[in-house]
Amino acid sequence: MNKLNFSAEYAERSDDELLELASDPSSLTSEAAAALDEELHRRNLTASDRAKHQQFVSRKKRRETTRRRRKMLGARRDVSTWVDVFWTLLAIALISSAYVALPNRYHMKPDWQEAALHVMFVSVFIAVIGRSLWRKLAFWMSLILSSAIHMVVVHAWIQRVGDLSRGQGKLAILLGLVLFFVIYGFIWLLRRNFYGDAPDPAWR
């Protein structure tokens, strides 16, 4: 293809396409490079325009790379969520099986059993999703204290209204989660007040 053919072809291309070609001159023949330079000059596209185009392309590539990474991380988080659900259900099943296997004299009264079921679900769920905090004293203090309060509150609720409905059961579970985060936040604030910016690692 001669220079005239290249000139006719480049005249039909957009500015971005020409700047893209100009970003890799080594891929062009001498005739193509000469025709491209003439077309760029005709459109008043300078070296500054080439630099700006390259910056735009680089930003676009970075955004695409970031988007792909986020999709990959999102998929990993989805898998992690299902793993957490699996371990939560497994732990609840094992605890329930062990309790049922106990002699009847060691079983709790029905109202306490129902309260304990809600507390167990919340406690196991928090323990599974919060496994990165297992080395923190504040985590276990909050879990034990919130579980004890949750047990007493739900038991009192059951004594007042009888067996909890499905909606009330969901509220009981939500109550346990709220109690834990409130107590954990309160302990965190106490730790911050006592230790300032350099607390004992066990309390972080």
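Which residues make up the largest nonpolar core? The core has eleven residues: Phe 6, Tyr 10, Leu 18, Leu 19, Ala 22, Leu 28, Ala 32, Ala 35, Leu 36, Leu 40 and Leu 45. This is a predicted model, in which local features need pLDDT of at least 70 and side-chain atom pairs count only at pLDDT 80 or more, while totals for chains, interfaces and linings use all residues. Residues are numbered from 1 along each chain as its sequence is written, and side-chain values use heavy atoms, with hydrogens and water left out.

**Nonpolar cores**

- A nonpolar core is a set of buried Ala, Val, Leu, Ile, Met, Phe, Trp, Tyr and Cys residues joined through side-chain atoms within 4.5 Å.
- Buried means under 20% relative accessible area, exposed means over 50%, and partly exposed is in between (1.4 Å probe, protein chains only).
- In the largest core, with its eleven residues, at least two residues each come from helix H1 (3-11), helix H2 (15-22) and H3.
- Helices (H or I, at least four residues) are DSSP runs, numbered from the N terminus.
- H3 gives the most to this core, with four residues.
- Another core, of ten residues, lies apart from it and has Val 122, Ala 127, Phe 180 and Ile 183 among them.
- Leu 18, one of the residues of the largest core, touches Tyr 10, Arg 13, Leu 36, Glu 39, Leu 40 and Arg 43, residues up to four places away in sequence not being counted.
- Contact here means heavy atoms within 4.5 Å.

**Salt bridges**

- The structure holds five salt bridges, each defined as a side-chain nitrogen of Lys or Arg within 4 Å of a carboxyl oxygen of Asp or Glu.
- One of them pairs Asp 37 with Arg 50, at 3.6 Å from N to O.
- Asp 37 lies in helix H3 (residues 30-42) and Arg 50 in helix H4 (residues 47-101), so this bridge ties together parts that are 13 residues apart in sequence.
- Asp 37 is partly exposed at 42% relative accessibility, and Arg 50 is partly exposed at 30%.
- Glu 39 forms a salt bridge with Arg 42, the closest N and O atoms being 2.4 Å apart.
- Arg 42 and Glu 39 are three residues apart in helix H3, so about one helical turn separates them.
- Arg 42 counts as exposed, at 55% relative accessibility, whereas Glu 39 counts as buried, at 6%.
- Glu 39 also meets Arg 43 in a salt bridge (2.7 Å, N to O), and Arg 43 is partly exposed at 21% relative accessibility.
- Through salt bridges that share partners, Asp 15, Glu 39, Arg 42 and Arg 43 are joined into one network.

**Loop between H3 and H4**

- Asn 44 is found in the loop between H3 and H4.
- The phi angle of Asn 44 is near 60°, a positive value in a residue other than glycine.
- Asn 44 counts as exposed, at 62% relative accessibility.

**Largest pocket**

- On a 1 Å grid over the protein atoms alone, a pocket is an open set of points with protein on both sides within 12 Å along at least five of seven lines, a cavity is a set of points where a 1.4 Å probe fits but cannot get out, and lining residues have an atom within 4 Å of a point.
- Grid points are joined across faces, edges and corners, and a volume is the space filled by probe spheres set on the points.
- The largest pocket holds about 170 Å³ of space.
- Its lining consists of Ile 95, Ser 96, Tyr 99, Val 100, Met 108, Gln 113, Ala 116, Leu 117 and Met 120.
- H4 and helix H5 (110-129) are the elements that give two or more residues to this lining.
- By class, the pocket lining has seven nonpolar, two polar and no charged residues.
- Ala, Val, Leu, Ile, Met, Phe, Trp, Tyr, Cys and Pro count as nonpolar, Asp, Glu, Lys and Arg as charged, and the others, Gly among them, as polar.

**Cavity and Ser 146**

- A search of the whole structure finds one cavity of 30 Å³ or more, and the largest cavity has a volume of about 40 Å³.
- Val 119, Val 122, Ser 123, Ile 126, Leu 143, Ser 146, Ser 147, His 150 and Gly 176 line the largest cavity.
- H5 and H6 are the elements that give two or more residues to the cavity lining.
- The cavity lining divides into four nonpolar, five polar and no charged residues.
- Ser 146, one of the lining residues, is in helix H6 (residues 137-161).
- Ser 146 counts as buried, at 2% relative accessibility.
- Leu 179, Phe 180 and Ile 183 are touched by Ser 146, not counting residues up to four places away in sequence.
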